[in-house]
Amino acid sequence: MSQRTSIRLSELAICISLFEVGSTTLFFIGGEAKQDAWLAMLVGALAGLFVLLMHLSIHHQEPLLDLFLLFRRYMGKYLGTFVNLLFVGYFSYEASRNLRDFGEITVMTLLNQTSLWIIMLIVVLVISNSIRYGYRVMFLMCVIFFPVVLVSYALISILIPVTGLFHFEFMFPVLESGWKPVLNAALPEIVSFPFGQTVLFLVFYPYARTGKGLNKAVIISYVLTALSLTFINQLNIFVLGPKIALYSTLPLLETVQLIDLAEVFERLDALFTLLLFLGLGVKMGAFFNGAVIGLEKITGVTYKKWVVPVAILTFGLAFLSPNYTHHIVAGRQIVLNYLFPFFQIILPLLLLIIILIRKRTRQD
């Protein structure tokens, strides 16, 4: 693998971090646990870490094969191709959900007189144009975006306490209703979103430069990002309180809008909206890349020829929900609990079991 097509471990770690942030800050995660949302996030992150370790174990069994080639080799030509097509559909649907979020947020915050379909068409054209240059461009763009995202979220986290918006007492009492609401909020919803979505990187691990540091880089990136997301998510509680945060459409945006320091740091909602756009763009681009690479591996046709068909599919899937409320309810109550775990946990676990059985059979 040449230097131009391989991925540095630092680039991989940064991309995983931005991917995990993605659209996560758009929502109040674990709201059903109320003030214990931070515990639900930590439980979900811990469960997601075991899922990530399973993905890494699969990769290390066959480090030169990506997700699609693994299923093809170990499940056979026909069944493997069928499962691969399911994953292409899954990645395309994930990209379409990010596209719909992008469009809805733009309408709500910036361009409320512009048609939703026009905004989403522009977004999908921009993302498609970057995808046709290959996955390497996406990883390099993440390296460019990372300092902006890091500094911006750090600034928001500092300004909220400084401006007196921080109410630590809102997170008490801890475990008021016991562990049941925490576990119900964490499993499987928080595992599915955002932590279980790392299954996508089984497509990209083979492109990373070989070395013993891959596990370390990926796990450190995951843990630090999970802790950061837990704190940022809990800011909704510290500022708005559990009840308001739970029923807010864009809770963190409402939180950021309250920041006003010496008439200098104000209107930071524009900054936060930019961060949402960057996160959604990175996440949509990553899933889009995964779908295009999958079709290339399935058909043997170069990925560039699949960019337009996947763009059309993604654009069409974004209109499955008639309105934003249906989009959120379908995603949070149905898709996260029943559909996504099938791709993130069940199929990878089945693949790992088959790989281990076949390798042991060969040894015997």
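1. Helix 9 (242–247) and helix 13 (324–363) each supply at least two residues to the lining of the largest pocket, and helix 13 gives the most, with 7 residues. Helices here are DSSP runs of H or I with at least four residues, numbered from the N terminus. A pocket is an open set of points on a 1 Å grid over the protein atoms alone where a 1.4 Å probe fits, with protein on both sides within 12 Å along at least five of seven lines, and lining residues have an atom within 4 Å of a point.

2. This is a predicted model, in which local features need pLDDT of at least 70 and side-chain atom pairs count only at pLDDT 80 or more, whereas totals for chains, interfaces and linings use all residues. Residues are numbered from 1 along each chain as its sequence is written, and side-chain values use heavy atoms, with hydrogens and water left out.

3. Of the 18 residues that line the largest pocket, those closest to its centre are Phe 27, Leu 246, Ser 248, Ile 328 and Arg 332.

4. The second largest pocket is lined by 19 residues, with Ser 17, Phe 146, Leu 150, Thr 225 and Ser 228 nearest its centre, and helix 1 (9–21), helix 6 (135–162) and helix 8 each supply at least two residues of that lining.

5. The side chain of Thr 230 reaches the backbone oxygen of Ala 226 at 2.8 Å.

Methods. A polar contact is a pair of N or O atoms within 3.5 Å; within protein, one must be able to donate a hydrogen and the other to accept it, and residues adjacent in sequence count only if both atoms are side-chain atoms.
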